[in-house]
Amino acid sequence: MSSAPTCAQVLMRLLREYQVEKVFGIPGVHTIELYRGLPGSGLIHITPRHEQGAAFMADGYARASGKPGVCFLITGPGLTNAATAMAQAYSDSIPMLVISAVNRRADLGMGGGRLHELPRQSDVTRGFCVWQHSLTDVGQLPEALARAFQLFSAGRPGPVHIEIPIDLFAAPMRGQLQDYRASPLALPAAASDTAVEKASQWLKDAERPVILLGGGAQEAGEAASRLAEKLAAPVFLSLAAKGVVNERHPLCGGANLSFDVVRERVENADVVLAVATELAETDRNLVRGGYGFKGRLIRVDIDPAQLAGNCNPDLAICADAAQVLQQLDRALPDGDAAAREATARQVALLLEKCRSEWWPGSEARFPWVEALRAALPEDAILVTDSTQLAYNTNHALPLYQPRSHITCTTGYGTLGFALPASIGARLADSRPVVALIGDGGLMFTLGELAAAVEQRLSLPILVWNNSGYGEIRDFMDAAQVAQEGVNLRTPDFVALAQSFGAAGCKIDQPQQLGAAVAEALQRDTPTLIEITADF
Ligand SMILES: Cc1ncc(C[n+]2csc(CCOP(=O)(O)OP(=O)(O)O)c2C)c(N)n1
Ligand SMILES: [Mg+2]
């Protein structure tokens, strides 16, 4: 008997070498040989109830941990079921490795009516992957994985799809299993001295500088706070960066770029330092249009193409966000305390004005936002779906730590994200996780409640129940379009949760939320907390 390891065994071995701990997947006849390598590999397999759930879980796992989420999927329907969640991860630059099967090499592209056959499967994922590779020989596997992990560690992250023909899973590979080791990964790139010198000079000379942080700045929060203090500059966060700088920091203006008063402050700055942000319009809650910067714009991004996206900069620095902010911090002298205090007063005033800019009708939700903030443990991760209460928490609920805000409410905006993403986040981290989702969004991925029960996850799931697609209903009313397709018959959510083996309760007053969340966090099973929202 040959001791040659199989492709599947080498795959598992290398994933462990790259520090992968958990994989999210649903097996099928095509992946039986992949699963032969799994027990004893050290990988923990999590089984969702739909492949969209697998990829959303991988996404939530990646956002909470900073490490790539990994999926194992079958050919054809397994992969296309995950496509929407992969596209959400692509839109938000989340590292995700999708390993899927594909039909035998001899059958590829033939359309022969084979099981699960998608004749040009790789074409489907290319539109939402940062890299896609179809293995044609087992010898390519180590390099394909090395390329994927290099991209995750040193490039702009996103999904990578590697498809493995089913005749290769059990194929022998050279040498011994222990010969297969991870490639050394690139360290994040720093900026050139010239770029740092120029940027620090502009910032030093600025009278009204502003710092903007985007989702790529997750590791840059501390350096950004120090820089803000030195420059007496306010820091504003995109929704993807919420929590990166502690929203208690007196110079932090939160994730409030939707509001005109904040926009004006940013656009009238004499120097804007925009770090790892797309400067995209979706942070503006459907208000079309980008920024009209009046001063100089310095952009920092790991992706050279993004440096020119939406707004052309006056200075473009292609490097890692945390590296550059640390370099600028070292280059700049200590600031003036009086200037810092003056900016802090301006920030407090801006935050006050944001509240008065809220669109009519949403005031009724504020007591719920406040109750939720009080109910969340200091280090909690809040995972939100596209539900009306989340549009308020986006701005009005302060968060205090990086990687504590996981949301699909901007960008690709996929309903059904929050339940599986919260499961992934909970599996990634020992921090408490709370999910917030509408009655409509919940039904998209409800089956994943079974996976959460199976994993014995302590997970409060707040369901904002307004018996319909409330946001769209409001848009129809505003546009004087007769309501159609927006009023839903909802199930008895509490009974439904209990039938899954989860706990359930119903509340209709904000004062009840704190106790409900606290009790849920004590349980070793999820708790569906239905909120009756008749407004
Ligand atoms: C996959 C997908 N389909 C449709 C939409 C359009 N959409 C955005 S919000 C929304 C309503 C969501 O209803 P619910 O989850 O109950 O939240 P509510 O607005 O009622 O608070 C819909 C249908 C979407 N964002 N994603
Ligand atoms: Mg609803």
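Which side chain has an N or O atom 2.7 Å from an oxygen atom of ligand 1? The first close-up shows that contact. This is a predicted model, where local features need pLDDT of at least 70, side-chain atom pairs count only at pLDDT 80 or more, and totals for chains, interfaces and linings use all residues. Residues are numbered from 1 along each chain as its sequence is written, chains are lettered from A and ligands numbered from 1 in the order in which they are written, and side-chain values use heavy atoms, without hydrogens and water.

**View 1. Polar contacts hold the focus at ligand 1.** The side chain is that of Thr-387: one of its N or O atoms lies 2.7 Å from an oxygen atom of ligand 1. A polar backbone atom of Gly-470 is also 2.7 Å from an oxygen atom of the ligand. For Glu-471, a backbone N or O atom lies 2.9 Å from a ligand oxygen. The protein buries 78% of the 590 Å² that ligand 1 exposes when taken alone. Such areas come from the Shrake-Rupley method with a 1.4 Å probe; for residues, only the protein chains shown count as cover. A polar contact is a pair of N or O atoms within 3.5 Å; within protein, one must be able to donate a hydrogen and the other to accept it, and residues adjacent in sequence count only if both atoms are side-chain atoms.

**View 2. The shell around ligand 1 has 17 residues.** A residue is near the ligand if one of its heavy atoms lies within 4 Å of it. Thr-387, Gln-388, Gly-440, Gly-441 and Gly-470 come nearest. Helix H15 (439-444) and helix H17 (470-478) each supply at least two shell residues. H15 gives the most, with four. Helices (H or I, at least four residues) and strands (E, at least two) are DSSP runs, numbered from the N terminus.

**View 3. Three residues donate to the magnesium ion, ligand 2: Asp-439, Asn-466 and Gly-468.** The donor atoms are OD of Asp-439, OD1 of Asn-466 and O of Gly-468, lying 2.1 Å from the ion. Donors are N, O and S atoms within 2.8 Å of the metal (3.2 Å for Na, K and Ca); water is not among the atoms, so sites may look incomplete. In sequence, the donor residues follow the spacing D-x26-N-x1-G. Asn-466 is buried, at 8% relative accessible area. Gly-468 is buried too, at 4%. Buried means under 20% relative accessible area, exposed over 50%, and partly exposed in between (1.4 Å probe, protein chains only).

**View 4. Strand S17 (residues 526-532) pairs with S15 and with S16.** Six of the seven residues of S17 are buried, so the strand is largely enclosed by the rest of the structure. Two strands pair if DSSP finds at least two bridges between them. Seven bridges join S17 to strand S15 (residues 459-465), and the two run parallel. Leu-462 has Ile-529 of S17 as its bridge partner. Strand S16 (residues 503-507) pairs with S17 over five bridges, also in the parallel sense. Here Gly-504 stands opposite Leu-528.

**View 5. Asn-465 lies in strand S15.** Asn-465 is buried, with a relative accessible area of 7%. Its side chain reaches the backbone nitrogen of Ser-467 at 2.9 Å.
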